[in-house]
Amino acid sequence: MAKIKITQVISSNGETKRQKENLRCLGIRRMNKAVEVEDNPITRGMLAKVAHLVKYEVID
């Protein structure tokens, strides 16, 4: 199954609690640190809510 590499590029200061929780559930702890998660509909939904804070790429 494919994976997604996610990196936070913009601070979560001033964002809603829900957006901060989505970052935490994706495994993102701090700025400029990359995590790899499985590509599934749940992950894609969380990623859509915080897309303005992160950059991501699909890894085969």
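**View 1. Glutamine 8 and its surroundings.** Leaving aside neighbours within four places in sequence, glutamine 8 is in contact with Leu23, Ile28, Arg30, Met31, Asn32, Lys33, Leu53 and Val54, where contact means heavy atoms within 4.5 Å. The model is predicted, so local features need pLDDT of at least 70 and side-chain atom pairs count only at pLDDT 80 or more, while totals for chains, interfaces and linings use all residues. Residues are numbered from 1 along each chain as its sequence is written, and side-chain values use heavy atoms, with hydrogens and water left out. Glutamine 8 lies in strand E1, residues 3-8; helices (H or I, at least four residues) and strands (E, at least two) are DSSP runs, numbered from the N terminus. Glutamine 8 counts as buried because its relative accessibility is 5%; buried means under 20% relative accessible area, exposed over 50%, and partly exposed in between, with a 1.4 Å probe and protein chains only. A polar atom of the glutamine 8 side chain lies 2.9 Å from the backbone oxygen of isoleucine 10.

**View 2. The strands around E1.** Strand E1 pairs with E2 in the antiparallel sense over five bridges, and two strands are said to pair if DSSP finds at least two bridges between them. Within this pairing, the partner of isoleucine 6 is valine 35 in E2. E1 also pairs with E3 in the antiparallel sense, over six bridges, and here lysine 3 stands opposite isoleucine 59 in E3.

**View 3. The largest nonpolar core.** Which residues make up the largest nonpolar core? The core has 12 residues, namely Ile4, Ile6, Leu23, Leu26, Ile28, Val35, Val37, Met46, Leu47, Val50, Leu53 and Val54; a nonpolar core is a set of buried Ala, Val, Leu, Ile, Met, Phe, Trp, Tyr and Cys residues joined through side-chain atoms within 4.5 Å. The elements that give two or more residues to this core are E1, helix H1 (17-26), strand E2 (34-38) and helix H2 (41-49). One of the core residues is Met46, and methionine 46 is in contact with Asn22, Cys25 and Leu26 when its neighbours within four places in sequence are left aside.

**View 4. Leucine 23 in helix H1.** Leucine 23 lies in helix H1 and counts as buried because its relative accessibility is 4%. Leaving aside its neighbours within four places in sequence, leucine 23 is in contact with Gln8, Ser12, Ile28, Val50, Leu53 and Val54. Leucine 23 and serine 12 are 11 residues apart in sequence, and their C-alpha atoms are 8.6 Å apart in space.

**View 5. The two sides of helix H1.** In H1, the residues Gln19, Asn22, Leu23 and Leu26 are buried. They lie on the same side of H1 because they cover an arc of only 100° around the axis, the arc being that of the directions from the helix axis to the C-beta atoms. Lys17 and Arg18, on the other side of H1, are exposed. The cover over the buried residues of H1 includes E1, E2, H2 and strand E3 (54-59). Just after H1 comes glycine 27, which takes a positive phi of about 100°.

**View 6. The salt bridges.** How many salt bridges does the structure hold? The structure holds two, a salt bridge being a side-chain nitrogen of Lys or Arg within 4 Å of a carboxyl oxygen of Asp or Glu. Side chains of opposite charge can pair when their charged atoms come close. Aspartate 39 forms a salt bridge with arginine 44, with the closest N and O atoms 2.8 Å apart, and arginine 44 is partly exposed, with a relative accessible area of 35%.

View 7. The buried residues of H2 are Thr43, Met46 and Leu47. They are on the same side of H2 because they cover an arc of only 100° around the axis. The face turned away from this buried side carries the exposed residues Pro41, Ala48 and Lys49, whereas the cover over the buried residues of H2 includes E1, H1, E2 and E3. At the start of H2, a side-chain oxygen of asparagine 40 reaches to within 3.2 Å of the backbone nitrogen of isoleucine 42.

Technical notes. Polar contact = N/O pair within 3.5 Å; in protein donor to acceptor, adjacent residues only side chain to side chain.
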